[in-house]
Amino acid sequence: MPRRPAVGLTTLGFGAAQGGNLFHAITDETFAAAVDTAWDAGIRYFDTAPHYGLGLSERRLGAALRARPREEYVVSTKVGRLLVPSPGTAHLRDPEGFDVAATHRREWDFSRDGVRRSLEASLERTGLDRIDVVYLHDPDEHWRQAATEAVPALAELRDQGVIGAIGAGMNQSAMLARFVRETDVDVVLCAGRYTLLEQGALHDLLPAAQDRGVGVVVAGVYNSGLLATDRPPAGATYNYAPAPPELIGRATRIAQVCEAHGVTLPEAALAFVRSHPAVVSTVVGMHDAGQVAETVRRAGVTVPEALWPALRAAGLLGPR
């Protein structure tokens, strides 16, 4: 069984990427209302990153939380991408999917100095007195520096009480499993590799996490959109790109079995991931109050246990 990190993560977490204007712009007021609704529903874990809107998500999240009792909520952010001023591109839009001006460029840096500079900048943008959980953000091409410089730097800050827990956040499970096995992390965030559609993390990350007592936070529970509606539409996305027809077909067949058991595809998607004993929280991206309310409703649905063997019998869900 995993030990929980030295911070309390609510079962459902608020993913703030959309607060950085992911794909389309929203107003400060819309995002603040989303945070208010999440708070009223009991959500106390909020995840952000400098990458999200070139710091916009961090600024908005900090503003939305700053007046609340600091001991009552947990904030995670990420390091590894420094934001460097880029006045020559300020007249353009950010090329990485966020509807913001390209006033900065992202610079990979998992060095000890880079990690500390990134954390200091995040504290300044959020206006908070501390960050509770710090993840290395997408270190896919930077294993050596991330493992030998960034993790020890974060561990030192954790041991000094500056931050509460450390880990890595990635869209793959294999390297996260390596972080769990080979470094001193407390918690990892895995996006999209443990869902109702695909369970690759079952073969590496989740058993490693259970063996080492490391908590797993699951994000991307809808595979970036494919599992987000009752029936996947023709233009559904998967991994932030148009979904291949075969995956849309598979998700549709899963939805049909879910419907036969009285639940919807997104309700089942949320229930499936949180049932694994290594999973300590599920982070869902939300941008307005209505989306938060619907996510909370979905998370509260009781899914019949008979659904899982039915999906396995149909060849739509692998063995646990």
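Eight strands form a closed barrel in the order β1-β2-β3-β6-β7-β8-β9-β12, with parallel pairing. Two strands count as paired if DSSP finds at least two bridges between them; helices (H or I, at least four residues) and strands (E, at least two) are DSSP runs numbered from the N terminus. From one strand to the next, the twist averages 25°, where axes are lines fitted to C-alpha atoms, for helices over the stretch in contact, and angles run from 0 to 180 degrees between N-to-C directions.

This is a predicted model, in which local features need pLDDT of at least 70 and side-chain atom pairs count only at pLDDT 80 or more. Residues are numbered from 1 along each chain as its sequence is written, and side-chain values use heavy atoms, without hydrogens and water.

Strands β1 (residues 12-15) and β2 (residues 45-47) run parallel and are joined by two bridges. F14 stands opposite F46 in β2.

| Helix | Strands | Angle |
|---|---|---|
| α5 (residues 174-182) | β6 (133-137), β7 (165-170), β8 (187-191) | about 160° to β7 |
| α9 (residues 289-299) | β1, β12 (279-285) | about 155° with β1 |

Helices α3 (residues 112-126) and α4 (residues 143-159) pack at about 50°, their axes 8 Å apart. They are therefore oblique to each other, that is, neither under 35 degrees (roughly parallel), nor over 145 (roughly antiparallel), nor 65 to 115 (roughly perpendicular). Residues in the contact include R112 and L119 of α3 and E149 and L157 of α4.

Conventions. Contact = heavy atoms within 4.5 Å.
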